[in-house]
Amino acid sequence: LQGGMDDEASSGELHEVADEITTRFDTWKRSVSYLVDQGQPHRALEAAQDLAAASVGHAPWQTAAQEQLASFDTPEMERELELAKKLEVLLKPLRSKRPMKGIEKRLSSFAEEAEGTKVSARAARLAAAAKLARSDL
């Protein structure tokens, strides 16, 4: 985009496009953080990897994306990823049928086991939702 900015007629349009791309990058970066905060580290890691791949060739973005990707190489994130995998096993049956009896208890137990993590908070929210769903049945 930088090379074509010399032409005054297209300069405004190119700046708009550059601004849109920058906004998209910033939004994508925030979505990685949001997914981590919501206890979905696998989705966050996938988004961070995609962001790193998409930022190749633009040094400031590439640096920011690589820093964000590196944040997944910590013992805390490794634990979050491990716990998220276990939570997915609990949730898998729910994808094909209504909430089964006792799921809220299993989710609550899991949340207690994983206490202090973002995955734990997600499991607690899901347990509350399962309890509401079962009460409506």
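Arg 122 counts as buried, at 14% relative accessibility; buried means under 20% relative accessible area, exposed over 50%, and partly exposed in between, with a 1.4 Å probe and protein chains only. This is a predicted model, in which local features need pLDDT of at least 70 and side-chain atom pairs count only at pLDDT 80 or more, while totals for chains, interfaces and linings use all residues. Residues are numbered from 1 along each chain as its sequence is written, and side-chain values use heavy atoms, with hydrogens and water left out.

What does Arg 122 form a salt bridge with? The partner is Glu 88, and the closest N and O atoms are 3.4 Å apart. A salt bridge here is a side-chain nitrogen of Lys or Arg within 4 Å of a carboxyl oxygen of Asp or Glu. Glu 88 lies in helix α4 and Arg 122 in helix α6, so the pair ties together parts that are 34 residues apart in sequence. Glu 88 is partly exposed, with 25% relative accessibility.

## The other salt bridges

By this rule the count comes to three salt bridges. One of them joins the side chains of Asp 37 and Lys 118, at 4.0 Å from N to O. Asp 37 belongs to helix α1 (residues 8–37) and Lys 118 to helix α6 (residues 118–136), so this pair links parts that are 81 residues apart in sequence. Asp 37 is partly exposed, with a relative accessible area of 45%, and Lys 118 is partly exposed too, at 33%.

Glu 82 and Lys 86 also form a salt bridge, and here the closest N and O atoms are 3.7 Å apart. Both residues sit in helix α4 (residues 75–91), four residues apart, which is about one turn of the helix. Glu 82 is partly exposed at 47% relative accessibility, and Lys 86 is partly exposed at 43%.

## The chain as a whole

From the N terminus on, the order of elements is α-α-α-α-α-α.

Of the 137 residues, 31% count as buried. Taking contacts (heavy atoms within 4.5 Å) between residues at least 6 apart in sequence, 53% join residues at least 24 apart. The chain exposes about 9000 Å², and carbon and sulfur atoms supply 52% of that area; accessible areas come from the Shrake-Rupley method with a 1.4 Å probe, and for residues only the protein chains shown count as cover.

Conventions: Helix = DSSP H or I, 4+ residues; strand = E, 2+ residues; numbered from the N terminus.
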